[in-house]
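Good morning, and thank you for coming. I would like to take you through one structure step by step, beginning with a single residue and then widening the view.

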Amino acid sequence: MGLRNLPTEAPMRLSDLTAYHPGHVSSRTLTTLEAGASITVLAFDDGESVSEEEYFGDMLYYAIEGSCDIVLPNRRVALAAGEVLMVPAHVLHAVEGRSAFKLLQVCV
C-alpha cells in the first residue's frame, strides 16, 4: 500500500494532519506496509501517553509540536519540537507527554 491520508491538491502543515481531542490520542496513518512498517502522525492531549511497547522494527520519533519523554529501560529522553530520536527494534519503551504534543512515528 502506498501513502494515504495526505493532501494532493495543496500543501498542508504536518501539524495540521491531526488535532487535539480532550482525553484522547488522535492519529492519522499515512501508510502501512505488509511487513509492518508504518508512518503515523499522532496528537496527544495533555496528560495522555502510550504505555510500554516493543516494535519489530526501528522506530523514529519526530516531535512536531510540544515536548514528550521517550521512556527507555534505563533512561528517559526528552524530545522537544523539531527534534528526532530513533529507538532500535525490540527495545521496550513508552511515550509520555509533558503537555499536549504532536509526534511523527515511523517504523521500519
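Is Q105 buried or exposed? The model before you is predicted, and in it the relative accessible area of Q105 is 13%. The cut-off for calling a residue buried is under 20%. Q105 is therefore buried.

Where does this residue sit? Q105 belongs to strand β9, which covers residues 101–107.

Which order do its strands follow? Five strands form an open sheet, and the order is β1-β2-β9-β4-β7. Their pairing is antiparallel. At the edges stand β1, residues 25–32, and β7, residues 84–87. Each of these two has a single partner strand, so one side of each is left without a neighbour in the sheet. On average, and ignoring direction, neighbouring strands of this sheet are turned by 20° against each other.

Strand β4, made of residues 59–65, pairs with β7 in the antiparallel sense, over four bridges. Within β7, the residue opposite Y62 is V84.

Strand β5, residues 67–72, and strand β6, residues 75–80, run antiparallel and are joined by six bridges. Together β5 and β6 form a hairpin, with two residues between them. Here S67 stands opposite A80 in β6.

Strand β5 is also joined to β8 by four bridges, and these two strands run antiparallel. An example is D69, whose bridge partner in β8 is E96. Strand β8, residues 93–97, is joined in turn to strand β3, residues 49–53, by three bridges, again running antiparallel. In this pairing V50 stands opposite V95 in β8.

T18 lies in the segment before β1. Is T18 buried or exposed? Its relative accessible area is 6%, so T18 is buried. Which residues are in contact with T18, leaving aside its neighbours within four places in sequence? They are S26, S27, R28, V41, L42, A43 and K102. By way of distance, T18 and E83 are 65 residues apart in sequence and 19 Å apart in space, taken from C-alpha to C-alpha.

Thank you for your attention.

Key. Residues are numbered from 1 along each chain as its sequence is written. This is a predicted model: local features need pLDDT of at least 70, side-chain atom pairs count only at pLDDT 80 or more; totals for chains, interfaces and linings use all residues. Side-chain values use heavy atoms; hydrogens and water are left out. Two strands pair if DSSP finds at least two bridges between them. Axes are lines fitted to C-alpha atoms, for helices over the stretch in contact, and angles run from 0 to 180 degrees between N-to-C directions. Buried means under 20% relative accessible area, exposed over 50%, partly exposed in between (1.4 Å probe, protein chains only). Contact means heavy atoms within 4.5 Å.
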